[in-house]
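Open the model in your viewer and keep the selection panel at hand.

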Amino acid sequence: MVLERTFSILKPDVTRRNLTGKINEKIEAASLRIIAQKRLWLTLPQAEAFYGVHATRSFFNDLCAFMTSGPVVVQVLEGENAVVAYRDLMGATNPANANPGTIRKEFAESIEANSVHGSDSLETAALEIKFFFSDLEIVG
Ligand code: GDP
C-alpha cells in the first residue's frame, strides 16, 4: 500500500452553493482522509502565485478572478495513491467530459467553475501543501 498526500481546493462555486459537506462526503467515501482543512479568501497575489504555472495561458486572468471571487476550502487528503485517486474522483477539467459519479460531473458549473482542484503529481502536491499549510496544521 502506498500512502500518499495530495492537495485539494474546494473552489468558490462550492462555498457559494453551500456544497462543502457534499463534496467532503464524496472525498471520504473514496477512502481519502481529510487530514488538514481551512477556509480562506484568497488574495489576487496568492491566486496568481498558486497558479503561476498557468501564467501564459489565455484563461489565467479569468481563473485568478474566479478563484478570488469568494471563499475557498483548502485541504490535505491522505490515502492510498491519493494523487491519482483524487484526480479520478474529480473527473475531467471540463465537466461536459467528466465521467458519471465524479465530483465535476455532479457539481461543476463550467470548465472554469469546476468545483475542485487536485495536485497533478506527488511533487506538485508537496509544493502546494507547503504553500498553504504548516506541519503543525496537518494531523495525519
Ligand atoms: P485541472 O488540473 O483539471 O484543474 O486543469 P488545468 O490544470 O488544465 O487548469 C487549471 C484550472 O484552470 C481548471 O481547473 C479550471 O478551473 C481552469 N481552466 C482550465 N481550462 C480553462 C479554460 O479553457 N477556460 C477557463 N476560463 N478556465 C479554464
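Where does the ligand sit? In this predicted model, the ligand sits in the largest pocket.

**Stop 1: the shell around the ligand.** Select Lys11, His54, Arg57, Phe59, Leu63, Arg87, Thr93, Arg104, Ile111, Glu112 and Asn114, which surround the ligand. Coloured by class, this shell shows 5 charged, 3 polar and 3 nonpolar residues.

Stop 2: From Lys11, a polar side-chain atom is 2.9 Å away from a ligand oxygen atom. For Arg87, the distance between a polar side-chain atom and an oxygen atom of the ligand is 3.0 Å. At Asn114, an N or O atom of the side chain lies 2.9 Å from an oxygen atom of the ligand. Now switch to a surface: the ligand taken alone exposes 550 Å², and the protein buries 79% of that.

**Stop 3: the pocket itself.** Hide the ligand and show the pocket. The largest pocket holds about 610 Å³ of space. Its lining has 25 residues, and those nearest the centre are Tyr51, His54, Arg57, Leu63 and His117. Of these, His54, Arg57 and Leu63 also belong to the ligand's surroundings.

**Stop 4: the elements behind the lining.** Select helix H3 (44–50), helix H5 (82–90), strand E4 (116–118) and helix H7 (122–132); each supplies at least two lining residues of the largest pocket. Which element gives the most to that lining? End on H7, which gives 4 residues, the most.

Methods. Residues are numbered from 1 along each chain as its sequence is written. This is a predicted model: local features need pLDDT of at least 70, side-chain atom pairs count only at pLDDT 80 or more; totals for chains, interfaces and linings use all residues. Side-chain values use heavy atoms; hydrogens and water are left out. A residue is near a molecule or strand if one of its heavy atoms lies within 4 Å of it. A polar contact is a pair of N or O atoms within 3.5 Å; within protein, one must be able to donate a hydrogen and the other to accept it, and residues adjacent in sequence count only if both atoms are side-chain atoms. Accessible areas come from the Shrake-Rupley method with a 1.4 Å probe; for residues, only the protein chains shown count as cover. On a 1 Å grid over the protein atoms alone, a cavity is a set of points where a 1.4 Å probe fits but cannot get out, and a pocket is an open set with protein on both sides within 12 Å along at least five of seven lines; lining residues have an atom within 4 Å of a point. A molecule sits in a cavity or pocket if more than half of its atoms lie within 2 Å of its grid points. Ala, Val, Leu, Ile, Met, Phe, Trp, Tyr, Cys and Pro count as nonpolar, Asp, Glu, Lys and Arg as charged, and the others, Gly among them, as polar. Grid points are joined across faces, edges and corners, and a volume is the space filled by probe spheres set on the points.
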